[in-house]
Amino acid sequence: MFPSTTPSQVINDLFQGDLNGFPSIVTQHFRRVLINTDQIPVLDANHPPDSFGDRELVLFHGMVQDTSLSPELYLAKRKNGESGGWGMADEDDDRSGDVPYADLRECSTFWVVSIPGQSAWCATGNQASTTTMDPHRPPQPHKYPIPGAAHIGIQVKIYDEQLAQFLRTTDIASFVGILTSEPLHASLDLPSPIIVPTLHVLFSNPLPSTIIPRSFPDLTLLPTIKAHREMLISWIANEGLAGDHNAAEWVLLCTIARVRARHPPILPPSLTISRFPAPADKLASTPALCHVLSQILPLVSTIPLSLTTLNETPFCPESKDEDLHSGWLQHPKGATLVLTEGAVTEGGIFNKGVMNIRATQEMMEAQSLEYVFPFSNFRFETDVSFLVTTEGEKSTFFKTDINVPLRPNESADARQSLYKAPNAISLPSEDILLTFRQLVGSAKIGNVTIGEGTAKYIEEDFVQERVKAENTGTSGGGFTADDLIRRMSVARLIALSLHQSEVTIDSWVRAKELEVQINTVNFGML
């Protein structure tokens, strides 16, 4: 990108003495020059900070974990008249209290981590080679949602207020900047400040929840969408659900759902797959379904529920000593969380466990997550799909909108099939897998309407079902207005999975068929 100059030199060449407008000039210049970010080396768990030289240009795809860090003052102009900021400062500051206050400016400071649950297939940028260095030990590991998971955590400094002002907790973005190692801003007053990887941002771009941009409907898929949808459901069923096609279709529908409205709430339905056998080996308790979903969804994480996980690990972010610790539930919008109950044993749920269960249930029902601070708590909006697997007739801990009892293929060894290792999963061809990802990603961002003809059919069908229920003596008329809203939501998801811009009568009929095929449907908040 810079055959004869470094980013630092380019910044100095751009500097004309305008302190106030200069950060935006830097942003615009580098965004224009580096429009093809695929050529920029990627900072990730395979290419950690130690594998780069000082002040090297890198690209980092990350999730904003903490926005509560205090802004940092810097001298925007050095003694020699060149630009300050972006990690450039006078090495020997002999001003001895003679600080040119007119040259002081603020930069915003954030803590940003690797995107939790990001699937390997949707990694972008220059993934040249994997480093052979020792495993990276990230600083501040308590600021990552998934305990013990390999990740990158960095201090991010943003000089352009236009970039910083729109960043919110759990936002995901690609940050291009100059990588250094500097004291953690919050530790500057300590006798020995903590040294952390620091990225001085040149520019950043928001990432879509699908990571890879999608369009709806995807015109390249329309000629074969029905066939590929059936292939996708069959593959999920055969590789992740012991051959249960009905459960696989529900999984597809619930993972493409997103928040459509908050007032009144039209939220992603939470799903329980009940009668899901517990693993024979508690040490290998991750269902194959999780590995299957990671092949088609860009953001999917597994929370292996156990008494230890519930009682001893945080689910909600919590500020301790002015440092925001993360929790299992702090995930970006568009993520899918798979909660597995296969490792749950007999024992007690203590206060922390009760609070964790309550936080998860509230997030399922209201799509908001409470952040705990010393003197007050704040709720932040979420948009996360939940899928629970449990051995019982219903979840041990949670009330979900939909409960689908697993019906394994009789010819399958259910337990062995449901917990096979990732390398035992039979993958379709690369082209088919790419099509599956396009189908799911595009459906996730789509919008559908209900045409006049279909609306009239649904209304008449609703009246007929009410009359039928009353004639058979069903208490309360049987089919209620809430049932109508729920079924319309499912019909919308079916239309989305077919890349249809309008709900059709066929989608409505299929929604009714899916209800008949499950024993327990409780659509609480849907």
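Analyst: Start with the second largest pocket, which has a volume of about 440 Å³. This is a predicted model, where local features need pLDDT of at least 70, side-chain atom pairs count only at pLDDT 80 or more, and totals for chains, interfaces and linings use all residues. Residues are numbered from 1 along each chain as its sequence is written, and side-chain values use heavy atoms, with hydrogens and water left out.

User: Why is this called a pocket and not a cavity?

Analyst: On a 1 Å grid over the protein atoms alone, a pocket is an open set of points with protein on both sides within 12 Å along at least five of seven lines, whereas a cavity is a set where a 1.4 Å probe fits but cannot get out. The 440 Å³ space is listed as a pocket, so it is an open set by that definition. Its volume is the space filled by probe spheres set on the points, which are joined across faces, edges and corners.

User: What makes a residue part of the lining, and which lie closest to the centre of the second largest pocket?

Analyst: A lining residue has an atom within 4 Å of a point. For this pocket 19 residues qualify, and Glu72, Leu73, Tyr74, Met88 and Ala89 are the closest to its centre.

User: Which elements give two or more residues to that lining?

Analyst: Strand 2 (72-75) and strand 5 (172-183) do. Strand 2 has the largest share, four residues. Strands are DSSP runs of E, at least two residues, and helices are runs of H or I, at least four, both numbered from the N terminus.

User: How do the residues of this lining divide by class?

Analyst: There are 10 nonpolar, three polar and six charged. Ala, Val, Leu, Ile, Met, Phe, Trp, Tyr, Cys and Pro count as nonpolar, Asp, Glu, Lys and Arg as charged, and the others, Gly among them, as polar.

User: What lines the largest cavity?

Analyst: Its lining includes Ser209, Thr255, Pro298 and Lys444. Helix 10 (residues 430-445) gives the largest share, three residues. By class, four are nonpolar, six polar and one charged.

User: What lines the second largest cavity?

Analyst: Among them are Phe15, Asp18, Tyr74 and Trp86. The classes are seven nonpolar, two polar and one charged. Tyr74 lines this cavity, and Tyr74 is also among the residues closest to the centre of the second largest pocket.
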